[in-house]
There are 2 protein chains.
Amino acid sequence: MKDISTTDAPVRVACCQIPVMVGDPLGNRVSARAAIQAAADAGARIIVLPELANVGYMFDNRAQLQAAAETADGPSVREWELLARERDLVIVAGFAEAGDDGLVYNSAVLVDKTGRRAVYRKAHLWDREKDNLFTPGSDAPPVVDTPWGRIGMLICYDLEFPEWVRIPALEGAELLCCPVNWPLYPRPISERPTEIVKVQANATVNRMFIAAADRTGQERGQDWLGGSVVVDADGFPVTRITLGREAMLLADLNLGEARTKTISDRNDVHADRRPSLYAQ
Amino acid sequence: MKDISTTDAPVRVACCQIPVMVGDPLGNRVSARAAIQAAADAGARIIVLPELANVGYMFDNRAQLQAAAETADGPSVREWELLARERDLVIVAGFAEAGDDGLVYNSAVLVDKTGRRAVYRKAHLWDREKDNLFTPGSDAPPVVDTPWGRIGMLICYDLEFPEWVRIPALEGAELLCCPVNWPLYPRPISERPTEIVKVQANATVNRMFIAAADRTGQERGQDWLGGSVVVDADGFPVTRITLGREAMLLADLNLGEARTKTISDRNDVHADRRPSLYAQ
């Protein structure tokens, strides 16, 4: 399974750290399009946008969210498909998804030049998302073969459940693309935000690249971290961390490196697991 | 379960970052004793020593290890019991354990003033440990009630398996005491060793304190990181990281803080898990 997809050529990955605003769907669509085009112009082939990039985050209530949510073939996803086809890109973006079942999901979509490849619905909801806004997904995160490697998706708070991160990792994801919206919290001076620390740990215990695209811009009094980061399979950031402002982070990754899970002559981060011992 | 043991008074925890040498059991015992006494003199009530503190690490072969290993009531553990009784301490220390079954385990013991409370056998073996030296343990890590809080134990490479760390965390461990022997590996300038990053992530996803006691001292050509650290329940180090040299790290912890798993109005790091979705 591990050898079917990737070449050994590096691919440029972009995290688009952009503002998103509740109540401005057209503005959000324009921002996302501009960011994708700028990243493609800079040579990126895999482009990650923040969580809920079509709608923003600070909803007053369910009705407002429901009115803004789009189906998985709505205008935002269709525009991303078009851009992916025109420029031969893989785009992973977060969006508020109006499900066929009348429920709203905090979702991510992966599109490439062939169209929509997979949708993932966030399984671990954060704070007010639980408050009659979103319904949690219960399907395993998909892993998609692309010309540049096997790509998985998770969304924000999902990254705080290492058991959940294992699923795409064990399915052979070489790069995990993660739309996030990280609220700004206090932390000790000189300490890196633990959101980034958790990304690093998830990467290294799985020998898997992770690209997390965070948002920026104050929104209804909420400050956002702006902590986008690309981490290599050893767990080290390969992008400059650019907190709190709009940014495009670029990294050239050889995703094939993540096919090797070996970390010593006798150790393999996945083969060394002892699942029969792990309690749920 | 969560309210039976701890008080809200802070307790001083020490990680003793000391050299350990293969082939010098008496020297190792003297070093451990001196470190425990110095930590107790400095007011520590919970004292963590490195992995394999009685024997060192760089064994030539099984026979050499077998000759050096001690039973769980051998001279090293008995000395630690004596010191714990004399000074009213909790001591967690790594030791090479000669099992009743004739096998050798890479173990940790927890002793307090009442004597030996628990032994844990490392379940995930690192590199040459697998090479006809140690047998991996298969028992879940114990969690022990002490006057200062509920304490769990894991050993070194165990910390790279977040599923395994969950077990003592879900059993209510407020402090995880981890004897480690972290070999020195190259890393990017200005990056913290990922061993420490993984400790931080394990702490924050469980809201649990972690005290990792690393060794130091070159041993048969092997350099050691000397990366001992105490991390709080938010995942931030509360000790100065003192790489590569002998050190005693002290931290005053209110372990009761780890009983609260809440991280937002609607989030709890343990209750938010969705174990039925997690594959093994």
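This is a predicted model: local features need pLDDT of at least 70, side-chain atom pairs count only at pLDDT 80 or more; totals for chains, interfaces and linings use all residues.
Biologist: How do you know through which surface the copies meet?
Modeller: Of the interface residues of chain B, 100% are also interface residues in chain A, so the copies meet through the same surface. A contact here needs C-beta atoms, placed from the backbone, within 7 Å.

Biologist: How many residues does each chain give to that contact, then?
Modeller: Chain B gives 39 residues, and chain A gives 39 residues. On the side of chain B that touches chain A, α4 (162-170) and α5 (194-206) of chain B each supply at least two residues. The largest share of that side, seven residues, comes from α5(B). Helices are DSSP runs of H or I with at least four residues and strands are E runs with at least two, numbered from the N terminus.

Biologist: What makes up that side of chain B by residue class?
Modeller: It divides into 16 nonpolar, nine polar and 14 charged residues. Nonpolar covers Ala, Val, Leu, Ile, Met, Phe, Trp, Tyr, Cys and Pro, charged covers Asp, Glu, Lys and Arg, and the others, Gly among them, are polar.

Biologist: How closely do the axes of α5(A) and α5(B) come, and at what angle do they cross?
Modeller: The axes of helix α5 (residues 194-206) of chain A and α5(B) come within 8 Å and cross at roughly 115°. Axes are lines fitted to C-alpha atoms, for helices over the stretch in contact, and angles run from 0 to 180 degrees between N-to-C directions. The crossing is left-handed: the near helix is turned anticlockwise from the far one by less than a right angle, where clockwise would be right-handed.

Biologist: Which residues of α5(A) meet which of α5(B)?
Modeller: In α5(A), T194(A), V197(A), K198(A), Q200(A), A201(A), T204(A) and V205(A) meet T194(B), V197(B), K198(B), Q200(B), A201(B), T204(B) and V205(B) of α5(B). By class, this contact has six nonpolar, six polar and two charged residues.

Biologist: Why are α1(B) and α3(B) called roughly parallel?
Modeller: Helix α1 (residues 25-41) and helix α3 (residues 75-87) of chain B pack at about 15°, with axes 11 Å apart. Angles under 35 degrees count as roughly parallel, over 145 as roughly antiparallel, 65 to 115 as roughly perpendicular and the rest as oblique. The two helices are therefore roughly parallel to each other. Their crossing is right-handed. From α1(B), the contact uses R29(B), R33(B), I36(B) and A40(B), and from α3(B), S76(B), E79(B), L83(B) and R87(B). Three of these residues are nonpolar, one polar and four charged.

Biologist: What angle and axis distance describe α1(A) and α3(A)?
Modeller: In chain A, these helices pack at about 15°, with axes 11 Å apart. That makes α1(A) roughly parallel to α3(A). The crossing of α1(A) and α3(A) is right-handed.

Biologist: What makes β5 and β11 of chain B edge strands?
Modeller: The open sheet of six strands has the order β5-β4-β3-β2-β1-β11 (chain B), with mixed pairing. Both β5 (115-121) and β11 (247-253) pair on one side only. The twist averages 25° from one strand to the next.

Biologist: How do you know that β2(B) and β3(B) pair?
Modeller: Strands count as paired when DSSP finds at least two bridges between them. Three bridges join β2 (residues 46-48) to β3 (residues 90-98) of chain B, which run parallel, so the pair passes that cut-off. V48(B) has V92(B) as its bridge partner in β3(B).

Biologist: And what joins β6(A) to β7(A)?
Modeller: A hairpin does, through two residues. Four bridges join β6 (residues 143-146) to β7 (residues 149-153) of chain A, and these strands run antiparallel. T146(A) stands opposite G149(A) in β7(A).

Terms used
Residues are numbered from 1 along each chain as its sequence is written. Chains are lettered from A and ligands numbered from 1 in the order in which they are written. Two residues are in contact if their C-beta atoms, placed from the backbone, lie within 7 Å.
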